[in-house]
Amino acid sequence: MSEHPTPEAVLRSAGLRVTRPRTAVLRALAGAPHSGADAVLGAVRSEAEVSTQAVYDVLNTLTAHGVIRRFQPAGSVARYELRTRDNHHHLVCRGCGSVTDVDCAVGEAPCLDPVEVGPSTAGFVVDEAEVTFWGLCAACGVAAAPAAPARS
């Protein structure tokens with residue numbers, strides 16, 4: 001048996017009705033994690049005839065029910081992924097825009113505890129921490145590296 005549940009099983013376990021647009025969105029995200037809504041729409045339309053609004057509605061419903069996670073790196077479109085409930089973080093390449101999952105920075109979820117700096121943080125209970133690491137992926141780092149000087 002596969003360790004990854006089917007889209008139908010995921011929807012049922014979340015108490016959601018199984019529909020073609022919902023299963024198509026889940027398959028699209030399984031095939032291309034960290035996709036924006038337009039990329040999900042393109043993948044879904046290659047599988048089924050569906051309106052743009054229907055895909056946005058599905059993304060909102062699945063996010064609200066904790067089936068998918070929505071995150072938005074600064075300066076980027078909102079992205080969606082299937083990896084939920086583990087409070088992981090992301091590496092974002094400034095060159096190509098690729099996104100890679102990384103596990104919690106330190107300790108158990110929510111991974112980070114804010115420093116109490118005064119009355120505004122007193123009693124605040126953190127249930128999630130979102131950290132984005134920015135830099136260059138290996139391919140973009142190589143492309144950005146200065147060429148070695150020619151030897152005479």
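**Cysteines, strands and helices**

Mentor: With a disulfide taken as a pair of cysteine sulfur atoms within 2.5 Å, the count comes to zero disulfides. This is a predicted model, in which local features need pLDDT of at least 70 and side-chain atom pairs count only at pLDDT 80 or more, while totals for chains, interfaces and linings use all residues. Residues are numbered from 1 along each chain as its sequence is written, and side-chain values use heavy atoms, with hydrogens and water left out.

Trainee: Is Cys-93 buried or exposed?
Mentor: Cys-93 is buried, with a relative accessible area of 4%, where buried means under 20%, exposed over 50% and partly exposed in between, using a 1.4 Å probe and protein chains only.

Trainee: And why is strand β4 described as largely enclosed?
Mentor: Because four of the five residues of β4 (residues 89–93) are buried, the strand is largely enclosed by the rest of the structure. Strands here are DSSP runs of E with at least two residues, and helices are runs of H or I with at least four, numbered from the N terminus.

Trainee: Which strands does β4 pair with?
Mentor: Pairing requires that DSSP finds at least two bridges between two strands. Four bridges join β4 to β5 (residues 99–102), running antiparallel, and four join β4 to β6 (residues 132–135), running parallel. His-89 has Val-102 of β5 as its bridge partner, whereas His-90 stands opposite Thr-132 in β6.

Trainee: What's in the hairpin of β4 and β5?
Mentor: There are five residues between the strands, and Gly-97 takes a positive phi near 85°.

Trainee: Switching to helices, how do α2 and α4 pack?
Mentor: Helix α2 (residues 20–31) and helix α4 (residues 52–64) pack at about 75° with their axes 10 Å apart, the axes being lines fitted to C-alpha atoms over the stretch in contact, and the angles running from 0 to 180 degrees between N-to-C directions. That makes α2 roughly perpendicular to α4, since angles under 35 degrees count as roughly parallel, over 145 as roughly antiparallel, 65 to 115 as roughly perpendicular and the rest as oblique.

Trainee: Which residues make the contact?
Mentor: With contact meaning heavy atoms within 4.5 Å, α2 contributes Pro-21, Arg-22, Val-25 and Leu-26, and α4 contributes Val-55, Val-58, Leu-59, Thr-61 and Leu-62.
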